[in-house]
Amino acid sequence: MPVLLLKVVNGVAETPLPSHIQREDLNNLREGVDCTNKYFQGTVTLSYPLTKLADGTDFFKIVLQDLSNSCTRINSINVLMYGKMAEDCSKVLSHGDNFVIAGFKLVKSPTAAEDGRHDCHLEVSEDAGSAVYIYANPKRIAASETLSMSVAPKYAYTSLNQLKDGTIVNLYGVVKFFKPPYVSKGTDYCSVVTLVDPSNAKLTCTLFSGNLDSLPKIYKVGDVVRFHRIKIREYNGQMQGITSGGFASLTFDGTVGTPIVPRTSSKVYTFTDEEVKTVKELRAWAASNLSISGPAAKLSGVQPMLFFDLTCQLIGKAKVDGSSFLLKVWDGTKCPYPTWKVSVEDRELEGEKGLLYQLQNLTADILVYDNHMQLAKSLKIGSFLRIYSVHAKQGSADNEDGSHIEFHLHGGTCYGRGIGVLPESNPEVKELKEFLESMDLEESQDMESVSSLELEGTSNSVADLESHLQRCQQLPVTVLTDHQDLKNTDLKTILNSTAPQQYRIRAKLRTYHPQKLYQSVKLHCSKCNSLQEVPAGDDFDFNLQGSAVTAPNTELHSMSWYDSIMWTTQDQKQRKIVIHFVKHDELLQHPKDTLVMIEGGTLKEMWKLTKRFKCVIPVRSTEDGLQLLDLSSPFLLQGNVTYYGCKQCSTPKPINSLSPLAAEQQPSWEPTEIAEVLGIEPLQYVFVMKFTLVDGTAPLNAYLFDYEKFFQIPASEILTSNYLQQKMEMTMNTLCPPGRKLDDLPWLECFIKSYNVKDETKHQVYYQIFDTTVAEDVV
């Protein structure tokens, strides 16, 4: 609502100004002053005709006289309006009107010396989030009522079950799930939020912005949000929301009874009494219909192997290495277990040294990884944080003391993992500050003489631990994806039955192999059903060195469907490297859509190319043309995945076989298409593991043979991603917690099938897990 004509009755405006903006006098307007949530009020003494700038933008200039400083030498200021706001104001403005401007930009005036007005001028526009309020007499309001309504429309809101593809709408919703803002693959920040409302529909929104502050300030599930101008699109039968031009948001605490105060970075916004009622209704509905968790966990309530949200204060931070960053935080309570203290150089540690020393026994060291590091580095010491999905990891048995707890914020954004900075106005921050300020730190230091064994020996700690173990046993750690009609069968009954059959079981995972989880990844040929180990990177590099001995054949350079570039390295070996860029319609495509072929390159050089180009194929020159390397090497690299072919089932063809693909209207360069035209039977990455399951009737060994369904992790990427390896480790530690007694292990529900394996000498029955996946809430 950028321009609003206000009625004045008996000297009082019927519609008050927004409560969050404050008046600023002319004397205080100067360059460098923060004018956020400020407004300037004055009387219109002069206006110029509406004109258009060279680019067609409407332009309108007026002069305002400061009401409170009319006797000073300089008491007026120029106001420059742009766009629709300029057009609207020119229609309703009259000399003598009382004019209020909010959301303005203060700029050095180039005409101050000539016109004798303020040395700055105000710039306002709808795009900048500005707003104009004009106080006019009742007679002119009546005459302009129709115009006023067109300038200041009332917002309409759409319920989530009425959304349509391709529309831009305004809506209210309650947060059911969210991911704190994180840096996307580009330069923008991204936030994901799933909304619900009383219509029993849901909407997942993916929001992007180059400005972190412009994204919704969501702190917890149950918050109420208002989105203006969000675009709706349909994907896989589900409605999704994405940011569009002019997107704006307000966020409200979802707790019933708390003050209704919007969180927003917008300088100007409207919020009516009717919308206050809407927020109250959504709060009440959410309290009755959503499972909203209580306050974030305290360090004193942390148990091993849990994931929890922590509200805390940052007192120190340091760079640990290239892959992790340290945050030292406290919440005034102490973890009941010995905690890991990360070793860093004193010169690397930021924070007040005296306070860090004083709080050393109340501080939690949290290691932050991957995409969270950039935000962690920018955090200010003393700020209040909510860190989502912190992993309380059991200390490694390789350490001298395996009983300690380590705190990790793993990479990625699964399960809302991330860091949020809380303002001091946040109710939980106010409560935490009061608690921290009331603490007697000397007394807390004296308590350190009490050993952790004594703390663990108290009845409360034992009761808490037993309660935690009971909850773990009830967790739905696996999900059945089909065959819901099958009833549970005892393992003993299965072992005594003939094969092949399918069963549903409820059991505990006693052991699994291999213990080194990366060893579970194999390569499988679906044609000959063979399994093989994934070749080591060193083997591939050795093959590349061998192929580089043969000099490139220059007659094969720059053919009709590819261009070639060759150069000689400056090292002692003086290798000749050739890169062939595949063309489309005789033109090179954008790098992210381009297939390149390389001769004479090293493994390191190939990985560099994969970061820029869509696909990379290692090749060698022969008299007949370019050929693939031996199939002990990958036939293709894409992203961070190397693709191999089966030596037994493949019949490699010359690289020239790719030319028909390049001639297609939009070549996709998918690995399966490339493999097919090159005569390659591709090998697929799979997880192969042996689970020993028990249910009290008998133990049973079942094999897991899975591409990505069970762990919800692609087997093709696990070997090149530390984050995915950590996620898989966390999953297995949840399914089979180390150091636990059998009675304390969680129950798994899964499907297994029996099958016969026969050879000339013996017949055996094997069992395989199928149609089962790990629950999303496990990690």
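Exposed means over 50% relative accessible area, and buried means under 20%, with partly exposed in between. These legends describe close-up views of a predicted model.

**View 1. Leu314 sits within strand β17.**
The strand spans residues 307–321. Leu314 has 0% relative accessibility, so the residue counts as buried. Its contacts, leaving aside residues up to four places away in sequence, include Leu327, Lys328 and Val329. Leu379, Lys380, Ile381, Gly382, Ser383 and Leu385 are also touched by Leu314. Take Ile381 from that list. Leu314 and Ile381 stand 67 residues apart in sequence, yet their C-alpha atoms are 5.5 Å apart in space.

**View 2. Asp365 and Lys328 form a salt bridge.**
The closest N and O atoms of the two residues are 2.9 Å apart. Asp365 is buried because its relative accessible area is 1%. Lys328 has 13% relative accessibility and therefore counts as buried. Lys328 is also one of the residues that Leu314 touches in View 1.

**View 3. Glu424 pairs with Lys433 in a salt bridge.**
Here the closest N and O atoms are 2.8 Å apart. Glu424 has a relative accessible area of 48%, so the residue is partly exposed. Lys433 is partly exposed because its value is 25%.

**View 4. A salt bridge joins the side chains of Glu533 and Lys522.**
The N to O distance is 2.6 Å. The pair links distant parts of the chain, eleven residues apart. Glu533 lies in strand β26 (residues 531–533). Lys522 lies in strand β25 (residues 521–524). Glu533 has 52% relative accessibility, so the residue counts as exposed. Lys522, with a relative accessible area of 17%, is therefore buried.

**View 5. Lys220, Asp253, Arg386 and Glu428 belong to one network.**
Salt bridges that share partners join these residues. Across the model, the count comes to 21 salt bridges.

Key:
Residues numbered from 1 in each chain as written. Predicted model: local features only at pLDDT ≥ 70, side-chain atom pairs only at ≥ 80, totals over all residues. Heavy atoms only, no water. Helix = DSSP H or I, 4+ residues; strand = E, 2+ residues; numbered from the N terminus. Buried < 20%, exposed > 50% of the residue type's maximum accessible area, 1.4 Å probe, protein only. Contact = heavy atoms within 4.5 Å. Salt bridge = Lys/Arg side-chain N within 4 Å of Asp/Glu carboxyl O.
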